[in-house]
Structures are given as structure tokens and as C-alpha cells.
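Dear colleague,

Please find below the structure that I am handing over to you, followed by an account of what was found in it.

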Amino acid sequence: MIVSTPGRICLFGEHQDYLGLPVIAAAISKRIQLKGAFRPDRIVHFDLPDIQKTESFSLVFPLVYTQERDYFKSVLNVLSRKGHVFEKGLEIEVRGNIPINSGTSSSSALLVSWVELLNEMYQLGYSQKEVGEITYEAEVLEFTEPGGMMDQYSTAVGNVIYLASQPAISITTYHQALGTFVLGDSGEPKDTLGILSRVKFGTLGGIQKIKAIDPGFDLATTTQAVCEQYRNLLTEDEWVLLTANLSDRDILLAAKKMFEGEEPWDDHRLGVLLSDHQKNLREYKQISTPKIDRMIDAALGAGALGAKINGSGGGGCMFAYAPNNPEAVVAAIEQAGGKAYIIRVDVGTQEEKASLFY
């Protein structure tokens with residue numbers, strides 16, 4: 001059995017999903033593949049030649065975690081608690097071309113592939129959305145991580161999705177025919193947990209102060225003008241983060257109108273909105289880096305319509321919307337010191353008829 005899962009870029013809503021606000025994300029044509037077969041024993045063995053690692057454990061439930069973020073085991077524990085029985089071991093090979101530790105959800109794509117492989121081999125009957133839900137439980141809830149659910153759902157479902165978590169989780173898939181993007185890897189390692197903690201808890205700290213005097217305050221609906229009355233309650237950092245989140249919320253809603261046909265589609269408008277989002281991320285949430293800023297400037301100078309950092313920040317990747325002459329954008333990003341790839345929107349997790357990487 002062979003399954004594969006895409007990476008993802010966050011078009012709009014960076015650092016918003018864990019605040020209960022929606023995101024618009026796109027699966028990309030960089031994928032991770034798992035090829036698996038049953039073993040005659042109860043051993044699960046992973047071979048990961050791309051990173052020259054292996055991992056093995058026995059199917060004795062509940063599986064005991066022996067390393068930080070022991071995700072292969074956590075998936076099985078989550079499924080076991082749902083009543084599934086796993087009596088046969090597995091031999092699994094992992095290959096992929098999603099940049100690692102770069103903000104393109106390589107770890108979530110790997111786990112979604114693992115869930116989907118078990119789903120197919122054991123005929124568990126889960127939909128793509130349910131595969132995303134199970135992955136979120138195993139990756140975030142099981143280890144009380146501070147992240148949201150965008151990575152798991154967007155890689156599982158694929159294409160472009162609008163993901164809302166309030167008042168309940170809902171996913172809308174968009175089928176707008178987008179042009180090419182260029183993904184640029186800075187090669188700088190990310191500080192995911194450090195940035196998530198600063199940006200998330202700085203925003204939540206400000207919201208908590210406001211709700212202490214106005215329990216009806218709602219980040220999803222309150223306008224910038226209304227928020228002015230609360231400015232003296234907050235530190236300067238809390239105020240900057242709050243207003244940046246309100247601006248990013250409104251940028252996403254403007255993009256949503258185009259994706260849903262309320263306004264005419266305009267590639268140039270999409271690019272402007274991406275760059276507006278980047279300004280908030282760079283200047284106010286401060287998650288960009290000088291190198292990524294140079295890569296973005298180079299991409300825009302080469303004809304990209306818009307660009308932004310991707311993922312939690314502090315390093316990792318940026319991407320540019322470049323429906324025209326993406327090769328020139330690739331060259332510009334690489335001249336600025338990054339590694340660049342032309343990418344397109346791709347489908348979600350799925351069974352493959354043949355290997356993608358041989």
C-alpha cells in the first residue's frame with residue numbers, strides 16, 4: 001500500500017487559527033509518501049532514508065512514549081482508544097520532497113500519511129476530514145502543543161480550504177484555478193514553539209484583560225475602531241498584537257469574498273492581500289527574518305504579484321504568487337540566498353498506484 005500527502009502553505013490567517021479565527025490554506029505539490037506492508041510479527045518498523053533514520057516498536061498497548069513528540073505511537077494510541085485493534089506489524093518506508101522544519105507542514109503531512117496508511121490497510125473507513133481530525137488529536141492534543149489545526153486539515157483535505165473552528169469546525173473547499181506559486185526555503189531553522197508562545201500568549205493576555213471588563217468582547221467581530229476604547233488597558237506589545245490580528249482577520253475576509261465569488265477574481269488583488277498580510281507579520285508580529293525579507297523583495301522585484309513568510313516564522317520558507325514567469329522569480333530568490341521551487345495547488349492525502357520517488 002502506498003499513500004502520499006501534500007505539504008501546505010497558509011495563504012491567509014497566519015497565527016490566527018489558535019485564536020479561534022479562520023484560515024485559508026492551500027495544499028502544495030510537494031508530498032510525503034509512505035509505502036507499507038504487513039509483517040508476520042507485531043513489530044512496526046519505519047525506514048526514513050531521506051534523513052537516515054529508522055524507528056521500531058512493538059504493538060503492545062497502550063504504547064509508552066519514549067521520546068519527545070512520539071508521533072508514530074501517538075497515532076496508534078489515539079486510534080486504539082477509538083476501539084480499533086492492530087494485531088499485525090508493519091514495514092514502512094518514508095520518502096518525500098517537502099522541505100523539513102520550514103513551515104510547510106512536513107511533520108503533519110507525515111502523520112496524515114501514517115493515519116491514512118492505517119486507514120487504508122486496516123479499512124477503518126475514515127474520510128479525509130476525519131483523517132485530519134485524528135492527526136490533530138495525535139499531534140497536538142496528545143502532547144498539549146500550542147499550535148492550531150490548520151496543518152492537519154489542510155494536508156489531509158487538500159486543494160484550497162477555508163477552515164473555521166468557531167462555533168464548530170467547518171471546512172469549505174475552494175476550486176478557484178490559481179496560477180503557480182514559488183516556494184523559497186531560507187535554510188534558517190524555525191523557532192516554532194518560542195514564536196507561538198510569544199505571539200499567541202501575548203494576544204491572549206490582552207484579550208483576557210479586555211474580557212475582564214467586557215465579557216462580550218469577540219475577536220471575530222469587534223472592529224478596530226471599537227478596540228480603541230481598550231487601548232489603555234493593554235501593554236504596547238499586547239496592543240500591537242491585537243490590532244495586527246484584527247487587520248489580518250480583515251485581510252482574510254477580503255480574500256474570502258474573491259474565493260467565494262462575492263467579488264470578481266483578480267490575481268493582482270490576491271497578491272496585494274498577501275503582501276499586506278506579510279507587512280503585519282513582519283512589522284507587528286515580528287516573525288519574519290532579514291533573509292526572508294530579502295527573498296520576498298527579490299521575488300516581488302522579479303514580477304511576483306505578492307509574497308509572504310509561511311508558517312510560524314523565525315526562519316523556514318516564504319512563498320510568492322507568480323502566475324507569470326515563475327522561473328524568473330525562482331532565479332531571484334536563489335540569487336538572494338534561498339532554495340526555490342515552482343509549486344501548484346495539489347490534492348489531499350490519497351492512495352497512490354505507484355511510488356512517487358523512484
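I begin with the second largest pocket, where the largest share of the lining, three residues, is supplied by α5. This is a predicted model, in which local features need pLDDT of at least 70 and side-chain atom pairs count only at pLDDT 80 or more, while totals for chains, interfaces and linings use all residues. Residues are numbered from 1 along each chain as its sequence is written, and side-chain values use heavy atoms, with hydrogens and water left out. Helices (H or I, at least four residues) and strands (E, at least two) are DSSP runs, numbered from the N terminus.

The pockets

A pocket here is an open set of points on a 1 Å grid over the protein atoms alone, where a 1.4 Å probe fits, with protein on both sides within 12 Å along at least five of seven lines; lining residues have an atom within 4 Å of a point. Grid points are joined across faces, edges and corners, and a volume is the space filled by probe spheres set on the points.

The second largest pocket holds about 190 Å³ of space. Its lining has 15 residues, and Leu19, Gly20, Asp218, Leu219 and Ala220 lie nearest the centre. Both β6 (160–164) and α5 give at least two residues to this lining. By class, there are 10 nonpolar, three polar and two charged residues in it. Nonpolar covers Ala, Val, Leu, Ile, Met, Phe, Trp, Tyr, Cys and Pro; charged covers Asp, Glu, Lys and Arg; the others, Gly among them, count as polar.

The largest pocket contains about 1500 Å³ of space. It is lined by 50 residues, with Tyr71, Ser106, Ser107, Ser108 and Glu139 nearest its centre. Elements giving two or more residues to this lining include β4 (53–58), α1 (71–81), α3 (128–141) and α5 (192–213). The element that gives the most is α2, with five residues. In this lining, 17 residues are nonpolar, 19 polar and 14 charged.

The expected span is 1.5 Å times one less than the number of residues.

As for α7, its 24 residues should span 34 Å at 1.5 Å a residue, which agrees with end C-alpha atoms 35 Å apart. This helix is mostly covered, with 17 of its 24 residues buried. After α7 comes Gly261, whose phi is positive, near 80°.

Two buried loop residues

In the loop between β11 (339–343) and β12 (350–352) lies Asp346, which is buried at a relative accessible area of 19%. Beyond its neighbours within four places in sequence, Asp346 is in contact (heavy atoms within 4.5 Å) with Ala27, Ile28, Ser29, Arg31, Gly158 and Asn159.

Ser288 sits in the loop between α8 (267–284) and α9 (290–301) and is likewise buried, with a relative accessible area of 17%. Not counting residues up to four places away in sequence, Ser288 touches Gln278, Leu281, Arg282, Asp293 and Ile309.

Backbone details

Two cis peptide bonds deserve mention. One runs from Phe61 to Pro62, with omega near -5°, and Pro62 is in the loop between β4 and α1. The other runs from Gln166 to Pro167, also with omega near -5°, and Pro167 is in the loop between β6 and β7 (170–174).

Asn101 is not a glycine, yet its phi is positive, about 55°. Thr144, which is not a glycine either, has a positive phi of about 45°. Thr144 belongs to the loop between α3 and α4 and is exposed, at 71% relative accessible area.

With kind regards

Definitions and conventions:
Buried < 20%, exposed > 50% of the residue type's maximum accessible area, 1.4 Å probe, protein only.
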